[in-house]
Every structure is written in C-alpha cells, then in structure tokens.
Amino acid sequence: MTTARDLLLVSLERTPRHPVERGDLSLALAGAELIDLLTVEAVRLDGDRIMPGYLPGLSDPLLAQAAESLVRDAPYETVDDWLWRRGRGLAEAYLAVLEDEGQLTRERHRGLTFRKSAAVPVDSPARWRAADRWAAQEPVLMALAVALGYGAEPAEVAPGVVDEAVTAVLATVSDALQELAAVRQRRVIEESAFENIWRGE
C-alpha cells in the first residue's frame, strides 16, 4: 500500500472538520505520491524542482504511473506544478482503481435510487493498515489528513517530520490547498456580485 491509498481510505472513514472537495483530496493525493517517490529515491528535490532518479519497479499501478509521468528534462518541474498537473482528477482515479480491486464497495441508499451511492472501504488488510497508521499518528499521513481537514486542528498536531524534502512537499500541499480555497471564495464573491447586478441591487 502507498500513502496516497492510505490517505484515501482514511478520508472515507472519518468526518472532516469542514467539507472536503474532490479537488482538495486530489492535490493531497498527488503530494502523497511525491513523498512516496522521495522515499524510494525515484526523485529528489533541488530547491523546489523535482529531479527524477531511477525508475524502480513499483507494484502499485498508480504510483508507477506517477513515476513514469515525471518531467525528465531541464528545467524540470516544481513541486507546485506537479501537484496541479498530477492532481487533476486523481481522487476519481484512486476511487476507480480501489473499487476495481475490491477495496471499496458502494453503500446503497434504501428508497433513494436517484442518490449516488457512497464509496465505503471493505474490511481488508489495506483498510487495517491505513487505520493502524492513523492510530499511530504516523507523521506524514497525519500532516496530509490534517491539511485536508481530518483529525485535530493543525496547531494541535506536532509536525514530527524531520526530512527536509518531505517537509517541503507538505508545505507546498498546504499552500496549494489554501490557494484552491481562495479561488473558490473569490468565485463565490464574483457570482454573488453578478447576481446582485442582475437583480439591480
């Protein structure tokens, strides 16, 4: 299992402090993938640039796909650019793969046939591993989950991450999530202003 898979399973079983959009989850999953690639030395960071290393044999298809999609020509890609490019639709991709593998099932809503069923983790070793990492407050998983809005407030969670490159990725994920929230807020304000103009207010 990978950090991205564990993060997705954790997010499906816990109630966030605030609503979590798929776009937020996708950005965090892209960050989780990059951290796992750092761990297996498939990449390293030079400042904020992702420097590709060797392509290890990765058993996880989505992580292997992430490694193969690395920009391998100078000036290479920044961590921020990676999050936005790789993160596009990533939550849906993970949900589809885990469902195909039988790691997720769809919860049926009795009498509400029009309502889209929710993805629910099945009782499996993958689910146990994610739960164990969460219970142990594994620093990377906790940092990503907290940034999304799961678990304790950020100020209440000790950083616990000592690797500089991993810390840099986590900081960039947090910045990207804040940027996305600001874009959404700006859009709400603009739409509200537009509606007021049409109403003559």
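In which helix is the place of D81? In this predicted model, D81 belongs to helix α4, which covers residues 79-86. With a relative accessibility of 40%, D81 counts as partly exposed, because that class lies between the under 20% that defines buried and the over 50% that defines exposed. Along the chain D81 and A176 are 95 residues apart, and in the model their C-alpha atoms are separated by 9.9 Å.

A second residue to look at is T15, which is found in the loop between α1 and α2, the latter being residues 22-39. T15 has a relative accessible area of 73% and is therefore exposed, since the cut-off for that class is over 50%.

Two packed helices are described by the angle between their axes and the distance between the axes. For helix α1 (residues 3-13) and helix α6 (residues 125-135), the axes come within 9 Å and cross at roughly 85°. The two helices are therefore roughly perpendicular to each other, because angles of 65 to 115 degrees are counted in that way. On the α1 side the contact is made by T3, D6, L9, V10 and E13, while α6 contributes A126, R127, R129, A130, R133 and W134. Sorted by class, this contact of α1 with α6 has five nonpolar residues, five charged residues and one polar residue.

Terms used. Residues are numbered from 1 along each chain as its sequence is written. This is a predicted model: local features need pLDDT of at least 70, side-chain atom pairs count only at pLDDT 80 or more; totals for chains, interfaces and linings use all residues. Side-chain values use heavy atoms; hydrogens and water are left out. Axes are lines fitted to C-alpha atoms, for helices over the stretch in contact, and angles run from 0 to 180 degrees between N-to-C directions. Helices (H or I, at least four residues) and strands (E, at least two) are DSSP runs, numbered from the N terminus. Angles under 35 degrees count as roughly parallel, over 145 as roughly antiparallel, 65 to 115 as roughly perpendicular and the rest as oblique. Contact means heavy atoms within 4.5 Å. Ala, Val, Leu, Ile, Met, Phe, Trp, Tyr, Cys and Pro count as nonpolar, Asp, Glu, Lys and Arg as charged, and the others, Gly among them, as polar. Buried means under 20% relative accessible area, exposed over 50%, partly exposed in between (1.4 Å probe, protein chains only).
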